Amino acid sequence: MSERIVVLGAGFGGLELCTMLSEALGDEVDVTLIDKSDAFVFGFSKLDVMFGRTTPEAVRMSYEDIAKRGLRFVQATVTAIDPEARRVTTDAGVFDADTLVIALGADYDMDATPGLAEGGNEFYSVAGAERLAGIIPQFSAGHIVIGVCGAPFKCPPAPSECALLLHDELTARGVREACQISFVIPLGTPVPPSPETSVALEREFAERDIRLIAGRRVSALDPGRSVAVLDDGTELQYDLFLGVPKHRAPDVVIQSGIAEEGYVPVDSATLQTRYPGVYAVGDVATAGVPKAGVFAEGAARVVAQTLIHRLRGGDPPGPHLGRGTCYIEFGHGRIGSVDIDFLSGSSRTGVFNPPSTDLVVEKERFGASRRARWFGR
């Protein structure tokens, strides 16, 4: 009987894991990939949607396009996870696994920040980005506050990118002088692992008169007064609030008992949970790396190599190194990047690569290679 591998979540981690298993093992394994959505969207595409550079339809990649040996995709909502039995209940049936991989990402907890749902606009979902694509072009005067409501959060450079792209949008319409932009972030600097990257971003903010309030998070909104309340009691009046909600593992993961303090603890080297045969990769896990797609992908490779080694033999996999490159929009069509290394040495490092035309091409190639690898496009 074939090894039954059930993968929950078809994001960076789930897609890369299933692709590697199919390439190495084909029909020797029975891999089921489950996701509640019908399509995948790169995280960085949400800013493109938000600022009108593309449409939601153009950035969607349908899971129906996945055609890989040994793999079937099931669109379903996971309603229960039993990590001890490695059994998953969904609205499309029950799935038993010999190996279970949880890659369900992180959900947005709007209720964790009072007033956010009523008085703010989140831009971390496709729906939120699409909604703002209709609001931002109509904004011509006042104070815009970009506020992060908790850490950790996905793609740490994204709020900085939002601030710089917002400046470009307002400038292009000739209304920048009538607008103020403030950016509130709970981290001490925009990109803590890379002082060089943080300094470069802070310089860009200063040149554009973007007020950076670091080391503070937005703890509440008062929609009646149009005020954002920071965790030190400071109040910021706003005319438009763009928020990054607090993150946590999905409810079904928390209810399973496998999570601690909002996320699934794993061995950072192997991504193994405390339950035999159960792994967790990506934003849902506490693996000592940033919450970003490239790190979910790297973790998935380690799990795939572990399963391939167990089923096929050969060289055992090395540990999860927590390495990856994050691309950063600097405005004016410029893209820089930071090469992050979280786990291979004694300390975290981040090497800054200044904006260049080469990096514009490299980011495009990054997206194109994943589209081709995962979806055959």
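Thr90 belongs to strand 7 (residues 87-90), and with 7% relative accessibility it counts as buried (under 20% relative accessible area, with a 1.4 Å probe and protein chains only). Setting aside neighbours within four places in sequence, I found Thr90 in contact (heavy atoms within 4.5 Å) with Ile34, Ala76, Thr77, Val78, Thr79 and Phe95.

I note that this is a predicted model, in which local features need pLDDT of at least 70 and side-chain atom pairs count only at pLDDT 80 or more, while totals for chains, interfaces and linings use all residues. Residues are numbered from 1 along each chain as its sequence is written, and side-chain values use heavy atoms, with hydrogens and water left out.

I then turned to helix 1 (residues 12-25) and helix 10 (residues 357-375), which pack at about 55° with their axes 10 Å apart. Phe12, Leu15, Glu16, Thr19, Met20 and Glu23 in helix 1 meet Phe366, Arg373, Trp374 and Phe375 in helix 10. By class, I read 6 nonpolar, 1 polar and 3 charged residues in this contact.

Last, I looked up helix 6 (residues 158-172) and helix 7 (residues 195-207), whose axes are 11 Å apart at an angle of about 25°. Helix 6 and helix 7 are therefore roughly parallel, and Ser160, Ala163 and Leu164 in helix 6 meet Leu201, Glu204 and Phe205 in helix 7.

Notes: Axes fitted to C-alpha atoms, helices over the stretch in contact; angles between N-to-C directions. Helix = DSSP H or I, 4+ residues; strand = E, 2+ residues; numbered from the N terminus. Nonpolar A, V, L, I, M, F, W, Y, C, P; charged D, E, K, R; others polar. Buried < 20%, exposed > 50% of the residue type's maximum accessible area, 1.4 Å probe, protein only. Parallel < 35°, antiparallel > 145°, perpendicular 65-115°, else oblique.
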